[in-house]
Amino acid sequence: MKRPRRRPPAIIRRWLARTPPPAVLAVGYLTLIGLGGLLLMLPPMARAPVSLSDALFTATSAVTVTGLAVVDTELVYTFWGQLVIAALIQMGGLGLMTFAVMIWSALGLPLGIMQGNYLREDLNQTSYVKLTRLVWTILRIVLMAEVAGAMLLCLSFMPHHGLGPGLWHAIFHSISAFNNAGFSTFSPGLTAYALDPIVNTVIPALFIAGGIGYVVVADLFRRPFWRGWSLHTRMMMIGTAVLIVVGVAMTAILEWNNPRTLAQYDSVTARLTVAWFQGVTTRTAGFNSTDIAGLHDSTSLMYMILMVIGAGPTSTAGGLKVTTIFVMLLATWAFLRRRTEVAGFGRAIPLGDVLKVMALMSIASGVILIAIFLLLLSHDGEFIDIAFEVTSAFGTVGLSRAYTTELSDFGRAVIMVVMFLGRVGPLTLGFFLATRMMPRVRYPAGQVHLG
């Protein structure tokens, strides 16, 4: 006899029915952060007492897959504390849309028309059946990628740390890398493995695969090359390739003679290896194989741009997303060519998507500038360090010019809010923008002088 599916209490059902799905997800994430923070304060989790501020900041950074840390993950947290951090990273890295399907399924609630339409649009599917299948495909991709990554990283970590610790370091870094979190169980990050061929191959492969998005990964395996790819996949693959080349090349050019970064290595191969790793990790993951505080200001500014751009939608990374910037560039090109339609690769881009891009960029700019202003009001420090910290938080990257530990309680609160908005905000805004409403009143056209 089949068991009836358990339904949530009536008060929860009424609240879910009245509350917009983005608000439900935001509350869910806040709840996860709160629970994670409380867990990290328990005695078995740390070698010394952890304050509420430290625990909440770490939990926020883990759930938003950022990687900024106010305490040393290796020295402060025990294995159990690191395990909690890894679990928070994994749950946060699944993504809001996948998390939504899992929540609705676990509560025994069917997807509503509004929720389902946005989920289908965001995951590039045409039916609810395919949407459900994609969710399980995502889980399989995550499992296979992280297991394979951990097995390969064992080859580098076990010889240095032993069987048990080496295995744990490999598992933690595989989870952190695929979810673009940037957390490391090594105090200096991956600087000790700056020239290790396995680390320089596996870690970037994991965060690039996690950063291009599950829809793109599914397209690459199921559809023929190029002609079978969707417009989204084409934009993501071209945009990702260009940003990788630009990031690596500019890192090598700008830092080649910097004694604190690339110039500390004598061989050309070693410098190019470090430039490769740091050039690709900056946009999404936040691992470091060199001293980020030692970067030239010009390199830091370039990294800030890359961090704001981020990776792909429906991925484990943050930022404005590559497709957002791609559509903005196409719209600019259409304006310069005096065209009334925005198009790319033989496909028209709806006006609603162009307006969504404009809204996302406006809100992102406002969040970043306000956060920088608040930190400048309350902190003494170099402008580049503060701007870099805020940008890294919004892009959920996790790189820092050694400024995270200098933050006051107010500064931590600002960065926590920016991390949360960087991970939750754009997708939440996208939900509301995806709900189309026909205007009841049409107004006559007016003339505005621009530029």
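A: Start with accessibility: buried means under 20% relative accessible area, exposed over 50%, and partly exposed in between (1.4 Å probe, protein chains only). By that scale D291 counts as partly exposed, because its relative accessibility is 32%. The model is predicted: local features need pLDDT of at least 70, side-chain atom pairs count only at pLDDT 80 or more, and totals for chains, interfaces and linings use all residues. Residues are numbered from 1 along each chain as its sequence is written, and side-chain values use heavy atoms, with hydrogens and water left out.

The structure holds four salt bridges. Each is a side-chain nitrogen of Lys or Arg within 4 Å of a carboxyl oxygen of Asp or Glu.

One of them pairs R260 with D291, at 2.9 Å from N to O. It links distant parts of the chain, 31 residues apart. R260 sits in the loop between α12 (231–255) and α13 (268–281). D291 sits in the loop between α13 and α14 (297–309). Helices here are DSSP runs (H or I, at least four residues), as are strands (E, at least two), numbered from the N terminus. R260 is partly exposed, at 45%.

Now R401. Its side chain meets D297 at 3.8 Å, N to O. R401 lies in the loop between α17 (383–394) and α18 (409–434) and D297 in helix α14, so the bridge ties together parts 104 residues apart in sequence. R401 is buried, at 10% relative accessibility. D297 is partly exposed, at 46%.

R401 also bridges to D385, at 2.5 Å from N to O. D385 belongs to helix α17, 16 residues from R401. D385 is buried, at 14%. Shared partners join D297, D385 and R401 into one network.
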